[in-house]
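Please read these points with the model open beside you. They cover backbone geometry, a group of strands and a pocket.

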Amino acid sequence: MSDVVERARAWILGDPDHRTRGELSALLGSGDRAELADRMDGTLAFGTAGLRGVVEAGSNRMNRATVIRTTRGLADFLLARHRGAPAAPVVVGRDARLSSSVFMRDTVGVLSAAGLRVRFWEEEVPTPLVAYAVRVLGACAGVMITASHNPPRDNGYKVYDANGAQIIPPVDAAIAAAIDRVGAAADVPLTDAPLREAGERVAPVSPEVWYGYREELARLRSPATVDPGLRIVYTPMHGVGWRYMSELLTEAGYRDVHPVDEQAGPDGHFPTLPFPNPEEPGAMDLALDLARRVEADLVLANDPDADRLGVAVPGAGGWVSLTGNQVGVLLTDYILSRRPDGGTRPLVTSTIVSSPMARHVAAARDARFETTLTGFKWIMNAALDIEAAGEAALVFGFEEALGHAVGGLAYDKDGLSAALYMADLASECRKEGETVLDRLQALYRRFGLWVSVQRSIRRPGSAGASEIADAMRRLAADPPGRLAGVAVLGMTDYREGADRRPRWLGAASLIELRLQDRTRVLVRPSGTEPKLKIYVDSTRPVAGTDEPSVIQRDLEVHAGAVASDLAEHIGL
């Protein structure tokens, strides 16, 4: 414990922020050694997702000292990679969280002091626009200050490579090593008032970038079916989306749009949402209440940095929230159905934990389909590799966690363009006299009804991490013979055989089981939380007289039983 105390004292001496110095000093004086150990137990780990954590004092938290040291490490990596300051800038943006403006100012100040050119967004901005700006400005890197859909107390630091996609190995490890070599944050050179240093080195991102995004998106959508009378309810969940989404919908011709007033403006306190994630139960309640009052046709919800999209549609028994897999399958079919014949073969990419149904939909449209490891970084780096080889052109990528990206517009998940495409799809359905759910059921009748069930087993602390690792080892060494009464036919351990797979399906702590009834089970530790995740995908054909809702309920029960049996088998 004395080591923790000494680390805390050293951190205080190197912290340039008097508020967090005082906070950590008070914690030292309180005698709460468990909390002190938690805050000073190493440093917040930098990985392919950058940083994310609670905004508090300490080396294992998000704060100015952490951001300054991280940015200096990124700067040192870029200087080494380019053998000096590159001509290309670093693009920097932020969301509307309470600490984001300060963290962005420090990021720009450190990069500028290191001799790097910077282009920053003057106002809070959706994450996909930062990814887009990296590509169109020919930047050498990008930084987005955001914790996306995390609780209000969190913030994060996301890094893009020069290709506009999130960093992947070995770049993440090289940046992390550079961060480790940085000394105390108080000793890192920092330009004063960097955002007012207008000039060649540091300057705002031009409005032309946003105009360019809108023009590219309009070209991708053309010709789109737009029903001006489609009644849309939209919520940005106290985030940055409404200003941008309202322009996109208006320009596209949608005239009957109703924002959720209580959530329309950026507010880092998130007063109506303790967890602003469209996937969370209750997160879309205000939007659904408004949809009932105005008799809407479609509900669209972006998370606070507008990179995810939640969708709800009216059904016979009330409003239905679509899963990320359902939206992904619908958009896969819609986008491919509008592709002209000839030209480069279209490419659809999706993560391995997303619904297998999308592969069948893509094959029926003669599109190439690629499965990747979890994370949009792999979805987009797979697309970039395949496009560079001239083999296919990305038209759509998605993951089950409400992440979608259209046509290589931004090489990250993009809730803005996905929302507009969902409006177009709903318009087309109205024109053809069907509902969005009718369209989905038609796909089920053609390709089978697929149900995806996820089970998370939480095991916090170092002991929990050991339990999860032991469970993965037991599963690999002794896979079950049957699950929920169905024979297990095969297993793939993705920790092995990476040399025989493309880099976007490399070595990973992931095990796949294949059952006799075409059920697929995937098991992996979470990359960001102390959890073991079990994904079960089950399917059954839908005949002409079958009721899809009955089949769906049966499959959900079966998939839940499979997950429970597996958890018992591995001792969790």
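Is Ala306 buried or exposed?

1. Ala306 is buried, with a relative accessible area of 0%; buried means under 20% relative accessible area, exposed over 50%, and partly exposed in between (1.4 Å probe, protein chains only). Ala306 sits in the loop between β9 (298-302) and β10, and its phi is near 60°, a positive value in a residue other than glycine.

2. The model is predicted: local features need pLDDT of at least 70, side-chain atom pairs count only at pLDDT 80 or more, and totals for chains, interfaces and linings use all residues. Residues are numbered from 1 along each chain as its sequence is written, and side-chain values use heavy atoms, with hydrogens and water left out. Helices (H or I, at least four residues) and strands (E, at least two) are DSSP runs, numbered from the N terminus.

3. Most residues other than glycine have a negative phi, and most peptide bonds are trans. Arg83 also has a positive phi, near 55°. Arg83 lies in the loop between α4 (64-81) and β2 (90-94) and counts as exposed, at 79% relative accessibility.

4. Two peptide bonds deserve a check. The bond from Pro169 to Pro170 is cis, with omega near 5°, and Pro170 is in the loop between β5 (154-160) and α7 (171-180). The bond from Ser222 to Pro223 is cis as well, with omega near -10°; Pro223 belongs to the loop between α8 (207-221) and β7 (231-235).

5. Strand β20 (residues 520-525) has 5 of its 6 residues buried, so it is largely enclosed by the rest of the structure. Strands pair if DSSP finds at least two bridges between them. β20 pairs in the antiparallel sense with β19 (residues 511-515) over 4 bridges, where Glu512 stands opposite Leu522. These two strands form a hairpin with 4 residues between them, and Arg518 in the turn has a positive phi of about 75°. β20 also pairs with β21, antiparallel over 6 bridges, and there Arg524 has Lys533 as its bridge partner.

6. The second largest pocket holds about 650 Å³ of space. Of its 34 lining residues, those closest to the centre are Ser321, Leu322, Thr323, Gly324 and Gln326. A pocket is an open set of points on a 1 Å grid over the protein atoms alone, where a 1.4 Å probe fits, with protein on both sides within 12 Å along at least five of seven lines; lining residues have an atom within 4 Å of a point. β16 gives the largest share of this lining, 5 residues.

Definitions and conventions:
Grid points are joined across faces, edges and corners, and a volume is the space filled by probe spheres set on the points.
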